[in-house]
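Okay, thanks everyone, let me share my screen. I'd like to walk through a sheet and then some charged pairs.

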Amino acid sequence: MLQIKSNSMIIKLKQNISDHALDLLLQKLNNHNTHYQFSKKENTVVIMKHANGILDTIKKQNIAEEMIPIPQPYVLAAKHKLKLKSKIPLSKNLSIGGKEIVVMAGPCSVENAEQIEEAAKNVSASGGQILRGGAFKPRTSPYDFQGLGEKGLKILRRAADLHNLSVITEILDPRDIEVVQRYTDIFQVGTRNMQNYALLKELGQVKKPVLLKRGMSSTYKELLLGAEYILAGGNKNVILCERGIRTFVTETRFTMDINAITYLKHETHLPIVADPSHGTGNATLVKDIALASIAAGADGLLIEAHPKPKESLSDKDQTIDFKTLKEIVKKSKQIAGIVRN
Ligand code: PEP
Ligand code: MN
C-alpha cells in the first residue's frame, strides 16, 4: 500500500462516488479541523493540512481513484499532474495562461482624464488588451503624489470602456477593496504588499483576479506562499508577476530576475506576467527585457507607457512611449510563436 508521508495531498475521487460517501468524507474533514478544498467540478479534494489518521480513513473508504502527495508548502499553487497550467479569465473575452500574450499597459499613475484617455486610445492601437494606472499609489515618500483615489478609478474605467480595454489597478488597503472592485477587472498587489497577509486574505474572498507582484527582496517560495493565501481563501484567479529585485547592481533601479519566470513555470500552474518597467527602471531597457521575459515563458507583460513619458508624475525614467509599446506587442507575439511551439 502507498506509504503517505506528505501532509498535503490531492485526492482524485472516483467517478461514481456516492453523495453519501462524499458527505461522510467532508464531515470527517470538518471534524478533524483539516484545511481542505473540495471541487465538485474537478471531482477532487485538496488537503492542505490534515490531522493524523485522516488519510487512512480515506483509504478505508475506498473512494479515491488517485492520491497525489504535494511536498511543497504552497499546495494550491503547486503544479501537479492534474493541474499543469491554469487559464484565468480576466474579463468577458480575455483570459491569461493560454496561447495569447496579454499586454497590460498605461501610465504609472492616473493623473487626469485627458492623459488616461490618450493612453487608452494608444494601448488599444498598440495591440494591448488591458489599461493600467494607479489611483492609490504606494510612494516611498509620504510627500510624493499619492494618487487620485476614486476619482482616478472612474477616469480609468471610462477610458477603458471607450476603447474596449480591461482595467488593472493597485489595491493598497483592505478597506479600499469595495471601491476598487467597482471599477477594476484585476486587482494589482504591489511589491511592498506581497506579504501583507491581511490584504491577501481579504483578496481571497473576492472573485476578481489578483495580480501578485513579487516582493523586491522575496524568494520564489515566499511569492508562492503569498499566492497561497489568496488561493486558500477560495479565489482561484491569481496571476504572479516578476518585477525585479534588489541586488548589488546600482546602475539599474532593480534587477529583472528572468530566472524567476522560468522557475515559476516549472513550479506552479499559475500564469506569470513580467514587469520590465520596474524591473529595469530605465525606459531604454524596457523593450529588450520585455522580449527576454516572453522568451523565458511569460504569459503577459505589465508595462508603464505614457502619452508624454517625460512628464509622468511618477516613474518617468522607466516610462516608454506608445511607438515602443507597439513594437513590443508585435515582437512579443513573434517570440511567443517561436518559444511556445
Ligand atoms: C506600479 O506598478 O506602479 C508599482 C508601484 O509597482 P511595484 O509594486 O512593482 O513597485
Ligand atoms: Mn510605477
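I'll start with the sheet and move on to the salt bridges.

Keep in mind that what you see is a predicted model. So, the sheet: it's an open one, with 4 strands in the order β2-β3-β1-β4 and antiparallel pairing. At the edges sit β2, residues 35-39, and β4, residues 64-69, each of them pairing on one side only. From one strand to the next, the twist averages 15 degrees. If you zoom in on β1, residues 9-13, you'll find 5 bridges to β4, and Met9 stands opposite Pro69 in β4. Then there's helix α2, residues 54-61, lying across β1, β3 and β4 and running at about 155 degrees to β4.

Okay, charges. How many salt bridges does the structure hold? There are 20. A local one is Glu118 with Lys121, at 3.6 Å, N to O. Both lie in helix α3, 3 residues apart, about one turn of the helix. Glu118 counts as partly exposed because its relative accessibility is 33%, and Lys121 is partly exposed too, at 43%.

Now compare Arg132 and Glu304, which meet at 3.4 Å, N to O. Arg132 is in strand β8 and Glu304 in strand β14, so this pair ties together parts 172 residues apart in sequence. Both Arg132 and Glu304 are buried.

Next, Arg253 and Asp315: their closest N and O atoms are 3.1 Å apart. This pair links two loops, one between β12 and α8, the other between β14 and α11, 62 residues apart. Arg253 is partly exposed at 37%, whereas Asp315 counts as buried at 19%.

Last one: Lys85, Lys265, Asp299 and Arg340 are linked in a salt-bridge network.

Notes
Residues are numbered from 1 along each chain as its sequence is written. Chains are lettered from A and ligands numbered from 1 in the order in which they are written. This is a predicted model: local features need pLDDT of at least 70, side-chain atom pairs count only at pLDDT 80 or more; totals for chains, interfaces and linings use all residues. Side-chain values use heavy atoms; hydrogens and water are left out. Two strands pair if DSSP finds at least two bridges between them. Axes are lines fitted to C-alpha atoms, for helices over the stretch in contact, and angles run from 0 to 180 degrees between N-to-C directions. Contact means heavy atoms within 4.5 Å. A salt bridge is a side-chain nitrogen of Lys or Arg within 4 Å of a carboxyl oxygen of Asp or Glu. Buried means under 20% relative accessible area, exposed over 50%, partly exposed in between (1.4 Å probe, protein chains only).
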